[in-house]
Amino acid sequence: MADLLSVDQAVAQILNGIVPLTAEKTDLTQALGRILAEDIQSTIDLPPFANSSMDGYALRAADVPHASLDSPARLRVVMDIPAGTAPQRSIESGEAARIMTGAPLPPGADAIVPVEETDSEWSAGGQTPIPDTVQIYRSAKPGDYVRPVGEDLHNGQTVLHTGTRLKPQDVGILAALGCAHVPVVRQPRVAIISTGDELIEVHEPLAPGKIRDVNGYTVAGLVSLYGGLPLRLPTARDTLEDVRRMFQQALDQQPDIIVSSAGVSVGTYDVVRSVLDELGQVNFWR
């Protein structure tokens, strides 16, 4: 057993022989779990415009410095700003605009007072006509309930780095940035060969001396789990000719790596090794 490698030694040998794969573009809908091939920088500010974080009224904070339930400030309502629309005018002193969550802050306004802090009646769906005036029951300071430009991301900011395995939230960021196609590392093609006269396929009935191929399915699952494309080949029997045939079939598929789950017998190992030496096209790690 002295000639066996430790796990760390085996991993180091494998990594030393690995050549980085090339990059490709993939559709954003297929990007989950893929590995970024380059840094992603934001080309916009997010949010791109100052907007309200509450349903309420956009106003000038200086107009309501002492507003309270006992001493409300009354402002003239000059505009309605539903989400998805743009303000049609500025807010002047003494004025307010009804505004929904996510709608752009109108020029001149610098704060939002939530609808719950006013005398306004506001039905879901925004079907209630805007009032002529609104009473404000609380004071405000500039920036209250306002999401400023670039609060989440700034133009030019690096948001995702090369080598990142894309998670659902990363895909969401890419969607926000308008990245319909994402630069990712090409998925490695991994050929999987199980060898052994004792192995049968999963659908075959057990017979004396036979066992089902477990490693082939397990390795294929691990390859998929970590982002590769498994290419599972039929089981090779313990003959030089059959092992040679299976490895040639594997090479014909131009894999990036071949994983062979050889039997524990020395004879099987020697057969696999001799075939690989003969083919001379692959690195070999035991």
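Visitor: Which backbone nitrogen does the side chain of Glu95 reach?

Guide: This is a predicted model, in which local features need pLDDT of at least 70, side-chain atom pairs count only at pLDDT 80 or more, and totals for chains, interfaces and linings use all residues. Residues are numbered from 1 along each chain as its sequence is written, and side-chain values use heavy atoms, with hydrogens and water left out. The contact from the side chain of Glu95 spans 2.9 Å, and the backbone nitrogen belongs to Glu92.

Visitor: Which side chain does a polar contact join to that of Glu95?

Guide: A polar contact is a pair of N or O atoms within 3.5 Å; within protein, one must be able to donate a hydrogen and the other to accept it, and residues adjacent in sequence count only if both atoms are side-chain atoms. Here the distance is 2.4 Å, and the partner of Glu95 is Arg89.

Visitor: Is Glu95 buried or exposed?

Guide: Buried means under 20% relative accessible area, exposed over 50%, and partly exposed in between (1.4 Å probe, protein chains only). Glu95 lies in strand β6, residues 95–99; strands (E, at least two residues) and helices (H or I, at least four) are DSSP runs, numbered from the N terminus. Because its relative accessibility is 6%, Glu95 counts as buried.

Visitor: How many residues does the largest nonpolar core have?

Guide: A nonpolar core is a set of buried Ala, Val, Leu, Ile, Met, Phe, Trp, Tyr and Cys residues joined through side-chain atoms within 4.5 Å. Those with the most contacts inside the largest core include Leu160, Leu174 and Leu177. β10 (158–160), α2 (168–176) and β11 (181–185) each give two or more residues to this core. The number of residues in the largest core is 15.

Visitor: How many residues are in the second, separate core?

Guide: Ala61, Ala73, Val113 and Val134 are among its members. The count for this second core is 14 residues.

Visitor: What share of the chain's residues count as buried?

Guide: The chain has five helices and 16 strands. Of its 286 residues, the share that counts as buried is 35%.
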